Amino acid sequence: MSEPLIDIHMQVMWNRLISVVEEQAQTLIRTAFSTSVREAGDLSAGIFDLQGRMLAQAVTGTPGHVNAMAESVAHFINDIGPESVFEGDVYITNDPWKGTGHLHDITIVTPSFHHGKLVGYFASTAHVVDIGGRGFGPDAREVYEEGLFIPIMKFFERGQVDRTLLNIVRNNVRESDKVVGDFYALAACNETGHRRLIDMLTEFNLDDLDMIGTFILKHSRDATLERLRNLPHGSWFYSLDLDGYDEPVTLAAKLTIGPEGVLVDFDGTSGMSKFGINVPLVYAKAYACYGIKCIVAAEIPNNAASLAPFDVVAPEGCILNAKRPAPVAVRHVLGHFVPDLVLGALHQALPGKVPAEGASALWNLHMSVRPVSDQIGGKGAEILMFNSGGTGARPALDGLSATAFPSGVHTMPIEATENVGPVIVWRKELREGSGGAGEQRGGLGQTIEIAAAEGYMFRFSAMFDRLGHPARGREGGHDGAAGSVSLDDGTTLRGKGLQFVPEGKKLILQLPGGGGYGDPSKRPGGSVNDDIRHGYISESQAAADYGRQQ
């Protein structure tokens with residue numbers, strides 16, 4: 001077969017492999033118990049070769065899960081041991097340092113056998129609604145307080161489930177049916193991937209993944225290195241100041257680009273916090289690579305080879321390289337700012353290519369809803385709701401409103417949240433005036449009002465940022481609006497930590513907006529008029545920021 005025909009043949013198999021892992025992910029979405037998985041897509045799925053190198057990932061999923069999972073499968077192989085891998089096995093962990101960064105993320109790995117021979121692995125990750133301990137929030141002082149720690153171990157061995165593991169889990173979590181159900185959903189999605197892979201190998205008369213794997217990894221690496229060779233080479237520095245928990249936190253990065261790779265060095269970043277906002281390096285690296293790839297290699301498939309030229313280092317014990325037993329439950333808050341951090345440095349190398357800063361971190365709201373009195377007869381519920389602020393304006397386009405970047409999760413429908421437990425979402429709308437002014441306007445945040453149903457109250461773990469440090473504009477663009485947390489009686493609440501909303505009170509979240517890009521005076525008058533008409537800005541803001549006469 002000629003080389004062009006071989007390439008076409010390989011491309012057909014590559015496309016088929018993508019459909020395999022996408023069906024794997026869709027199976028998880030259809031079978032998951034947690035609303036964060038089935039409604040928001042807070043998951044990852046992928047296929048790996050015998051060395052634990054990721055060959056393909058599902059389009060559905062978050063960068064933090066996908067890129068961290070890309071490193072975790074090698075840990076499974078090492079810890080289980082090649083001699084202990086059997087057909088019918090399923091492996092599990094939520095180790096923050098060998099998985100995807102915190103205990104709420106369950107990673108399941110399944111070996112795939114073809115004609116009795118091991119050919120690869122399927123892996124998937126999902127955020128479960130509860131893992132015991134203090135619950136999902138930043139208040140713990142050690143990882144031991146944050147919930148049940150499951151080391152890399154066998155969930156199934158030769159097709160037989162570990163009942164002891166499930167018994168331990170059921171007696172250590174608040175929503176045992178949902179959590180155990182998600183364990184099985186993860187295993188089922190890997191099984192779906194395995195079956196579709198066997199169909200593919202049979203159809204193409206392949207004994208293993210060696211040929212297609214070599215093709216994928218070589219072409220992806222070559223394409224990535226070609227992009228890097230065409231970039232400016234040198235080093236650039238950027239830093240972000242953020243709210244932290246009880247004191248501000250500084251994230252710092254030196255970005256060095258060369259023809260053979262990119263190095264991100266977090267030297268200058270604040271030390272670890274005593275609270276659970278610390279970030280394992282695997283998660284910080286996942287988002288650093290994602291941020292850079294969005295600009296320099298967005299079209300190149302994301303796999304082990306295209307990730308290989310990107311390296312991340314950090315001082316041991318800094319807040320982006322937390323060591324066990326540091327608390328890491330809400331590692332996503334600072335982790336979601338890592339793309340803004342590296343993009344700020346990249347902007348200096350590639351002016352006119354990088355968007356302004358955005359709200360970045362999800363405003364996750366985890367509510368523990370309980371009856372006010374035993375006489376009500378209702379039961380409590382654990383409810384997780386994902387919310388997003390505005391993204392930064394782009395060099396040629398406005399920012400996106402109420403959009404989860406960099407996490408990529410979907411907006412959760414109000415109906416899905418209200419269906420899980422006794423809460424009412426009274427208001428959820430775009431927040432007027434929250435996007436930073438600029439030639440391109442920053443994306444808007446949201447205003448959300450939520451309360452417990454009659455006869456109930458709830459406590460919630462605040463894990464919010466940008467209350468004191470709004471998203472900065474770029475190239476003359478204005479900053480986005482800062483966020484705020486309060487009750488409807490005017491009581492101001494904190495951005496981090498466990499707090500209470502009594503019966504009859506509403507929690508009001510004002511999510512931050514994205515920064516603007518470019519001089520506001522250059523924004524076309526028609527665009528300003530459209531913003532006023534759609535309620536994105538007020539007449540007074542148009543006058544103050546854009547010089548429009550009232």
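**A look at the salt bridges**

Author: Helices here are DSSP runs of H or I with at least four residues, strands are runs of E with at least two, and both are numbered from the N terminus. Asp 222 and Lys 218 form a salt bridge, with their closest N and O atoms 2.8 Å apart. The term means a side-chain nitrogen of Lys or Arg within 4 Å of a carboxyl oxygen of Asp or Glu. Side chains of opposite charge can pair when their charged atoms come close.

Before going on: this is a predicted model, where local features need pLDDT of at least 70 and side-chain atom pairs count only at pLDDT 80 or more, while totals for chains, interfaces and linings use all residues. Residues are numbered from 1 along each chain as its sequence is written, and side-chain values use heavy atoms, leaving out hydrogens and water.

Asp 222 is partly exposed, at 36% relative accessible area (buried is under 20%, exposed over 50%, partly exposed in between, with a 1.4 Å probe and protein chains only). Now take Lys 496 and Asp 465, whose side chains meet in a salt bridge at 3.1 Å, N to O. Lys 496 is in strand β18 (residues 496-501) and Asp 465 in the loop between β16 (456-463) and β17 (484-487), so this pair ties together parts 31 residues apart in sequence. Both Lys 496 and Asp 465 are buried.

Finally, Asp 340, Glu 357, Arg 466 and Arg 472 are linked in a salt-bridge network. The whole structure has 30 salt bridges.
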